[in-house]
Amino acid sequence: MRYSIVGATVEQVKSAGGSNIQAAKYSGIIFADLSEAQVQQLKRQGCAVSCLAKVTTDIIEPPVPVTGVPMYTPYQLSTAAGYESVRAMIVPPLHGEHFNLAIIDTGIRETHEHIAGRVVYSKNFTTSPTGDDFDHGTGVCDIALSIAPKANILDLKALNDRGEGTDEAVVMAIEGCIDLREQNSEFAPHVLNLSLGSPDDGNPDNVLR
């Protein structure tokens with residue numbers, strides 16, 4: 001079974017017999033396959049060991065199929081909300097130019113008419129194909145580009161094509177963003193968007209906390 005380990009070194013986890021070890025170098029969290037005996041051994045050493053948590057987009061299905069068509073585009077709604085008026089108060093107007101936004105989600109369908117040409121970096125942390133068959137990340141990206149239409153988008157796929165993933169994938173996607181900043185990469189994100197989550201178990205060592 002796969003676990004997250006907090007408060008241990010890679011060497012400790014190896015010594016306990018852990019396998020398929022993945023270490024998050026900035027947060028210090030370690031992920032590994034462990035037996036129950038190995039879990040208890042690490043706990044006796046003072047490590048916090050938890051089963052991987054399921055992370056989802058928390059989509060609520062409508063009670064009946066929706067047959068209508070959208071009345072407004074996200075851009076029309078952002079205009080109605082007054083974003084263009086706010087932009088007009090600033091010289092030059094802010095449209096997100098030279099701004100990198102990382103979207104950690106179900107991936108992004110880059111052929112979407114409002115998104116095409118805006119994705120400058122992609123990395124897949126799941127076993128699902130790159131892209132977005134679930135369409136949640138694509139929707140989030142479309143909304144973001146309605147607010148900042150000239151922003152560069154980083155597509156970090158941490159949830160699969162059913163809108164589900166693990167806290168391991170989310171942590172490693174965040175670590176990937178930190179890595180880009182540490183490397184002074186041209187793709188270093190200025191903002192991370194995570195429209196996802198899992199139930200709060202009250203555990204202070206919860207890795208998403």
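Which residue in β8 does Asn-124 stand opposite? The residue is Lys-157. This model is predicted.

**Strands β7 and β8**
- Strand β7 covers residues 119-124, and strand β8 covers residues 152-157.
- The two strands run parallel, joined by 5 bridges.
- Helix α5, residues 136-147, belongs with β7 and β8 to a β-α-β unit.
- That unit is left-handed.

**The open sheet**
- Four strands form an open sheet in the order β2-β3-β1-β4.
- Their pairing is antiparallel.
- β2 (19-23) and β4 (48-51) stand at the edges, and each has a single partner strand, so one side of each lacks a neighbour in the sheet.
- From one strand to the next, the twist averages 25°.
- Strand β1, residues 2-6, runs antiparallel to β4, and 4 bridges join them.
- Ser-4 has Ser-50 in β4 as its bridge partner.
- Helix α6, residues 167-182, packs on this sheet and touches β1, β2 and β3 (30-33).
- The direction of α6 makes about 145° with that of β3.

**The largest nonpolar core**
- This core has 13 residues.
- Those touching the most other members are Ala-102, Ile-104, Leu-156, Ala-158, Ala-173 and Cys-177.
- β6 (100-105), β8 and α6 each supply at least two of the core residues.
- The most come from α6, which gives 5 residues.

**Contacts of Leu-156**
- Leaving out residues up to four places away in sequence, Leu-156 touches Ala-102, Ile-103, Ile-104, Asp-105, Tyr-121, Lys-123, Phe-125, Ala-173 and Cys-177.

Conventions:
Residues are numbered from 1 along each chain as its sequence is written. This is a predicted model: local features need pLDDT of at least 70, side-chain atom pairs count only at pLDDT 80 or more; totals for chains, interfaces and linings use all residues. Side-chain values use heavy atoms; hydrogens and water are left out. Two strands pair if DSSP finds at least two bridges between them. A crossover is right-handed if, with the strands pointing away from the viewer, the path from the first strand over the helix to the second runs clockwise. Axes are lines fitted to C-alpha atoms, for helices over the stretch in contact, and angles run from 0 to 180 degrees between N-to-C directions. Contact means heavy atoms within 4.5 Å. A nonpolar core is a set of buried Ala, Val, Leu, Ile, Met, Phe, Trp, Tyr and Cys residues joined through side-chain atoms within 4.5 Å. Buried means under 20% relative accessible area, exposed over 50%, partly exposed in between (1.4 Å probe, protein chains only).
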